[in-house]
Amino acid sequence: MNIPDDELACDYVLDRLDPRERTEFEARLVADDALRQRVRDYEDGLAARIFELPPRSPSRQVWARIAEKTAAAPGGAKVGWGNVFKWGIAAMIAISLASIAAERWIDRPTLVVVALDQGGAGPNRVSIARVGSGPNDAFAQLAAVAASHWEDAKSPRSFVVYDPTTSQGFIAVRDLPRVAADTHYQVWILNRRTAISRPAGDLNGSGLYSFAVDPLPGEGADDLRVIVTREKGSALAREPGTDVVLGG
Amino acid sequence: MVRIGGGDREALRRLFNQYRLPLFALAVRMVGDHGAAEELLQDCFVRIWRSAGTYDAHQSQPFTWTVTILRRMCIDHLRRRRPEIADVDAAESPTEDSVRATVVRHEMSEQVSRALGHLSEGPRAALELSLFSGLTHEEIANRLRLPLGTAKAWIRRGLVALRGELQDFSR
């Protein structure tokens, strides 16, 4: 850990980076265990100081007002089947993560690698021997496999590596066309059975990005698909638009 | 957090109950006004509701992410209310002693006092200003009449000292 990285980690936790620096730093966090640990260290310090402030309780009306406002404003993005069909199933490219739920229980976890830009190509599976037992170990292995595919010239230009054991994944994108200043790319996790979509972050261009899926009740891994859309405006969209650029 | 992003209002309520005390304490500490702090806390959770889908567990812990949202809102509130915070160079800089007097004299627990006790007065002031005042690092350095690099180093040292002494409350 060198000094600039140490400074960056502290500034990141204290929200002192400008948007460009923040984006670059978050991209590095994906593959740099030492940097991630440093961020955790600073986060622990920040949380500890805040938790040591004399506790104060807001009035009961605060939650009532939050409940009122959130009832009027949709939260997590949900789309109806009509929207899904509007995109066109063929255009969605869905990443089918079929038949992997059972692999949660085998000794050698299987990562699923799916091409985003080779329409119709089925998923490949990479069986790995798990090293360590903690969530960080699993994430580090997942990152290593994703990075290996990223550097392999024979790999698809854009792909997803997903670990059904931990419900974490990486999405790799290359050569995304430049977008106008008022447009951005956004990643979505879709449940094709319930038609619920969840925004999973934005893309600033080519790169390797991590994502996590918190399975909804009754949701199996084979229900999940990933797409990338192009959205208007700089703010993250709450519902996916119709301009699907990957996964279709 | 992902459940909140999926539209689970009960998950939002649980998050509110889990974090409301420290977050409200933070808002009161930063803006110094009970009513304004309640409004900021309320707006913070509405914003969480709308943007939870963008949360990335690999980039920050849920508490830190929530704190970041609330601190930004508090800083915006302070800058609207007290323009001099946004233009500290144009204002007369207070002395280091006055900064200490206004910033460091808070009810700290025994643990925090012990953790910060390892720091001299200057680093304590720098850390507290960084966490709660809404000043930029440059502004903090100006106020404390320090080189920017020294102010940043003091702030980092303070956070590490806290982390070393205190339990992890956020997980």
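Helix 8 of chain B, which spans residues 137–144, is mostly covered, with six of its eight residues buried (a residue counts as buried if 20 or more other C-beta atoms, placed from the backbone, lie within 10 Å of its own, as exposed if 12 or fewer do, and as partly exposed in between). The buried positions of this helix are His137(B), Glu139(B), Ile140(B), Ala141(B), Arg143(B) and Leu144(B), and just after helix 8 of chain B, Arg145(B) takes a positive phi of about 55°. The model is a predicted one, in which local features need pLDDT of at least 70 and side-chain atom pairs count only at pLDDT 80 or more, whereas totals for chains, interfaces and linings use all residues. Residues are numbered from 1 along each chain as its sequence is written, and chains are lettered from A and ligands numbered from 1 in the order in which they are written.

Chain A contains seven helices and nine strands, where helices (H or I, at least four residues) and strands (E, at least two) are DSSP runs numbered from the N terminus. Of the 248 residues in chain A, 38% are buried. Among contacts in chain A between residues at least 6 apart in sequence, 65% join residues at least 24 apart, a contact being counted if the C-beta atoms of two residues, placed from the backbone, lie within 7 Å.

Strand 4 of chain A (residues 168–173) is mostly covered, six of its six residues being buried. Gln168(A), Phe170(A) and Ala172(A) point one way from this strand, and Gly169(A), Ile171(A) and Val173(A) point the other way. Strand 4 of chain A pairs in the antiparallel sense with strand 3 of chain A (residues 159–163) over five bridges, pairing being assigned if DSSP finds at least two bridges between two strands; Val161(A) has Phe170(A) as its bridge partner in strand 4 of chain A. These two strands form a hairpin with four residues between them, and Ser167(A) in the turn has a positive phi of about 60°. Strand 4 of chain A also pairs in the antiparallel sense with strand 7 of chain A (residues 207–212), over six bridges, and the partner of Val173(A) in strand 7 of chain A is Gly207(A).

A further four strands of chain A form an open sheet in the order 6-5-8-9, with antiparallel pairing. Strand 6 (197–203) and strand 9 (244–246) of chain A stand at the edges, each with a single partner strand, so one side of each is left without a neighbour in the sheet. Within this sheet, strand 5 of chain A (residues 183–191) is joined to strand 6 of chain A by five bridges, and Leu190(A) is partnered by Ser197(A) in strand 6 of chain A.

Between the chains, 53 residues of chain A are in contact with 59 residues of chain B. The largest share of the side of chain A that touches chain B, 11 residues, comes from helix 3 of chain A. By class, that side has 28 nonpolar, eight polar and 17 charged residues (Ala, Val, Leu, Ile, Met, Phe, Trp, Tyr, Cys and Pro count as nonpolar, Asp, Glu, Lys and Arg as charged, and the others, Gly among them, as polar). In the contact of helix 3 of chain A with helix 4 of chain B, Glu43(A), Leu46(A), Ala47(A) and Ile50(A) meet Phe63(B), Thr64(B) and Val67(B).
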